[in-house]
Every structure is written in C-alpha cells, then in structure tokens.
Amino acid sequence: MPSPKAVCSISFVRDTLFPYALSVLPAFLRDNWNKASFEPFRDAFPEHARDTPEHLESYVRDLTSQDLKVACLKQLQGLLWRTGYETGSIKAPIYNDVLPAIQRWVDDGRKALIYSSGSVDAQKLLFKYTDTPLGDMTPLLSGYYDTVNAGMKQDSASYASISEKEGIKPSEWLFLSDNVKEVEAARQAGMDSIVLVRPGNLPLTEEEKEKYRVTESFEDLLCTVG
C-alpha cells in the first residue's frame, strides 16, 4: 500500500497541481457558485468562509499556502483538477520503477491500494491519467483511502481501520511512504512499513535510518517482496 508521494514526485503536487487549482478557481467559483452540483463542495467549508465566492477563494488560497490536510480543501482540489486531467493539461509523472513493480505484485495475486491525504477522487484522477506506457493505472489498483474514509495518516488507528475494512491482517500488509511519521503509525498498527526515499524529500536523520527499513526504489522491493 504506497502513499502517492512514493510513486510520484512531491514537486508535481507543489508545482503543478496546486498552482493549476488556484489558477482556475476564480472562474470556477463564478460559473458554479449556485449550481446544485457544487453545493456539497461549497457547504463543506466553514460558514464564515463560504458566504461569497471571494471569501471562499481567499480561504482556499490560505489553506493551500499552508498545505493543510483538510477534507473540504482536498475535495475541492480534486474537483478542480478533474478538468485539467480530462483535457490533457495535466498528466501524472509516475516514477519509472513503479509500474513494473505494481504489475508484478498484481500478477502474483497481491492487492495494491493507495492511501493519501488527497481525496479518493483526486487519487483516481492521478492514476487514471499518467505518463506511463500503460496510461491508465487504475485497473491495477484495488482500493483508495483518504482522511475521510480512513482517518489521518499519522494516526495508527487509520491503518487498523484500513486493515479491518479490507479483511486482511495488519501483519500481511506492506506500507510505503516518504513520511517517517506515517511509517511509524503503520508500524504501530502492526504493518510492515518502509520509508521510500525519493528526490526532494527531507533527508533522514541517522537515527531514522537505523530505526526504519529504508529503500530508494520499488525495484529493491521486488527482491524482498516480489
């Protein structure tokens, strides 16, 4: 069960997805403010932030600048990104080692699931519109979890919840993330967990390198998992 930042550069989110959402936000709010289809997304925000399109835009920009993992923001971002993906303006740059590894694991009868602070809808878009030879990777994935249907990623109870929902014992899971706190939470829930070091990540301390299993590539995992 990898975290998206283990399969796709964090700079894609920071330098492509976030700016795209903010660039289309004003026009989107203007055109959709009173539409019934937008109402659930709008009303998920605090009342003080959604009395006018201008206030909501300002609130979204503030949350984005702080990179806060709040459900209302993530749901709206997923909605905004959909157009970008569907029009070809956005394609997810997946690391080259990811597709072969996931294909191998799925061929061997294992499940591959995604757990992200981004919404389930945003996850599905990211894996549907990739720059891999396959393009749409969603047929390889068995499930998607976010902070709404699982919980916060640094809370061990979230991983226990996923394990229970999937009907698979924690000891039979492998969780991959670039975030040490997430790896620790998964470990506390009983999962086998590995820190996946990717370009642009914060460097690990010597203590963290000694405490956790660490790898730099999915290819290394094929030797031990595949």
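Leaving aside neighbours within four places in sequence, which residues is Gln-77 in contact with? The legends below take up this point after an overview.

**View 1. Overall architecture of the predicted protein chain.** This is a predicted model, in which local features need pLDDT of at least 70 and side-chain atom pairs count only at pLDDT 80 or more, while totals for chains, interfaces and linings use all residues. Residues are numbered from 1 along each chain as its sequence is written, and side-chain values use heavy atoms, with hydrogens and water left out. The protein chain holds 11 helices and five strands, where helices (H or I, at least four residues) and strands (E, at least two) are DSSP runs numbered from the N terminus. Its radius of gyration is 18 Å, close to the 17 Å given by the globule rule for 226 residues, so the chain is as compact as a globular protein of that length; the radius is taken over C-alpha atoms, and the rule is 2.2 Å times the number of residues to the power 0.38. The C-alpha trace spans about 55 × 35 × 35 Å along its principal axes. Of the 226 residues, 48% count as buried, that is, under 20% relative accessible area, with exposed meaning over 50% and partly exposed in between (1.4 Å probe, protein chains only).

View 2. Gln-77 has its place in helix 5 and counts as buried at 3% relative accessibility. Apart from neighbours within four places in sequence, Gln-77 is in contact with Phe-18 and Thr-64, contact meaning heavy atoms within 4.5 Å.

View 3. The structure holds eight aromatic pairs, for which rings of Phe, Tyr and Trp (its six-membered ring) must have their centres within 6.5 Å, planes under 30 degrees apart counting as stacked, over 60 as edge-to-face and the rest as tilted. The rings of Phe-18 and Trp-81 have centres 6.5 Å apart and planes at 15°, so this pair is stacked. Because Phe-18 lies in helix 2 (residues 10–32) and Trp-81 in helix 5 (residues 71–86), the pair ties together parts that are 63 residues apart in sequence. Phe-18 is buried, with a relative accessible area of 11%, and Trp-81 also counts as buried, at 6% relative accessibility. In the pair of Trp-105 and Phe-218, the ring centres are 5.8 Å apart and the planes stand at 35°, so the pair is tilted. Trp-105 belongs to helix 6 (residues 98–107) and Phe-218 to helix 11 (residues 218–224), so parts that are 113 residues apart in sequence are tied together. Both Trp-105 and Phe-218 are buried. One aromatic cluster is formed by Phe-28, Trp-33 and Phe-38.

View 4. Thr-130 lies in the loop between helix 7 (120–128) and strand 2 (143–145), and at 4% relative accessibility it counts as buried. Not counting residues up to four places away in sequence, Thr-130 touches Lys-91, Ala-92, Ile-94, Gly-135 and Met-137. From C-alpha to C-alpha, Thr-130 and Phe-45 are 30 Å apart in space, and they are 85 residues apart in sequence.

**View 5. The buried residues of helix 7.** Val-120, Ala-122, Gln-123, Leu-125, Leu-126 and Phe-127 are buried in helix 7. The buried residues of this helix pack against helix 1 (4–7), helix 2 and helix 5, as well as against strand 1 (113–115) and strand 2.
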